[in-house]
Amino acid sequence: MTLTAIIPTLRASLPDPFDASRWPARTTPTIGDVVISAVSMVRLAETVGTPCVHTAEQEPPRFRPPAWTPREVSVAVASVTRVRRPRTGIVLLELDAVLPACAVLDEVRLIGRVTTAPTAETYVVTPCDGAADGPFHRLPAPVPTDVHEGDLLCFPCLAALRHRDVVEPVRAALGAEIR
């Protein structure tokens, strides 16, 4: 539990803590954005649209082995397309992106705006083919309760992703006749 989780009003002046080993090198969180090597993730999403991916070099480990070489990791930005609140304290989100298997969801961050709302259990509703948890995917990191459509979520991924890895595939209707 962090101080910003205990006292949410601190988020207006202090960014939530983050695990630097999970994010690319030269990542700086701010109160409303994540900046990676001088590239703002909010500005990236405004420029190219969502979902989008930014690839950068991995953060070196604290105690680097002699043969260590950096690999590429990514950060994905997705937009919230729908929010449902079936019960108090439970938030169901639909995103415009597919959550890749390499996503580090305990580091998910709300970017693009500053909020002092408390956090809640959050589930992402995705088309999970063969996933153990069915159509729901629980986010390990809570998201503020005032999340709404159009908000941006940013999360690191431990592999180099391409745009097509996070874009929801268009599925053809099975059994439909072409006339």
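Where is P51 found? P51 sits in the loop between α2 (41-48) and β4 (52-57), and the views below place this loop among the other elements of the protein.

**Figure 1. Overview of the predicted model.** This is a predicted model, in which local features need pLDDT of at least 70, side-chain atom pairs count only at pLDDT 80 or more, and totals for chains, interfaces and linings use all residues. Residues are numbered from 1 along each chain as its sequence is written, and side-chain values use heavy atoms, with hydrogens and water left out. The secondary structure comprises three helices and ten strands, where helices (H or I, at least four residues) and strands (E, at least two) are DSSP runs numbered from the N terminus. From the N terminus on, the order of the elements is α-β-β-β-α-β-β-β-β-β-β-β-α. Of the 179 residues, 37% count as buried; buried means under 20% relative accessible area, exposed over 50%, and partly exposed in between, with a 1.4 Å probe and protein chains only. The protein exposes about 10200 Å², of which carbon and sulfur atoms supply 56%; accessible areas come from the Shrake-Rupley method with a 1.4 Å probe, and for residues only the protein chains shown count as cover. Among contacts with a separation of 6 or more, 66% join residues 24 or more positions apart, a contact being heavy atoms within 4.5 Å.

**Figure 2. The open sheet of β1, β2 and β3.** Three strands form an open sheet in the order β1-β2-β3, with antiparallel pairing. The edge strands, β1 (27-29) and β3 (39-40), each pair on one side only. Two strands pair if DSSP finds at least two bridges between them. Three bridges join β1 to the antiparallel strand β2 (residues 34-36), and the bridge partner of T28 in β2 is V35. Strands of a sheet pair through backbone hydrogen bonds, either parallel or antiparallel.

Figure 3. The peptide bond from T50 to P51 is cis, with omega near -5°. R26, in the loop between α1 (3-6) and β1, has a positive phi of about 60° although it is not a glycine. R26 counts as exposed, at 55% relative accessibility. A38 lies in the loop between β2 and β3. A38 is not a glycine either, yet has a positive phi of about 70°. At 75% relative accessibility, A38 counts as exposed.

Figure 4. E57 has its place in strand β4 and counts as partly exposed, at 40% relative accessibility. The C-alpha atoms of E57 and P70 are separated by 6.3 Å, although the two residues are 13 residues apart along the chain. Leaving aside its neighbours within four places in sequence, E57 is in contact with P24, A25, P70, R71 and V73.

Figure 5. Strand β6 (residues 90-95) is mostly covered, with five of its six residues buried. Strand β5 (residues 72-84) pairs with β6 in the antiparallel sense over four bridges, and R82 stands opposite E94 in β6. The two strands, β5 and β6, form a hairpin with five residues between them, and G89 in the turn has a positive phi of about 85°. With strand β8 (residues 119-125), β6 pairs in the parallel sense, again over four bridges. The bridge partner of L93 in β8 is V124.

**Figure 6. The nonpolar cores and the contacts of L153.** A nonpolar core is a set of buried Ala, Val, Leu, Ile, Met, Phe, Trp, Tyr and Cys residues joined through side-chain atoms within 4.5 Å. The largest such core has 24 residues, and those with the most contacts inside it are V80, L93, L95, V108, V147, L153 and F155. Two or more residues of this core come from each of β5, β6, β8, β9 (136-144) and β10 (152-157). The greatest contribution, four residues, is that of β5. Leaving aside its neighbours within four places in sequence, L153 is in contact with A76, V77, A78, V80, L93, L95, V108, R109, L110 and V143. A second, separate core has 14 residues, including I36, M41, V42 and V77.
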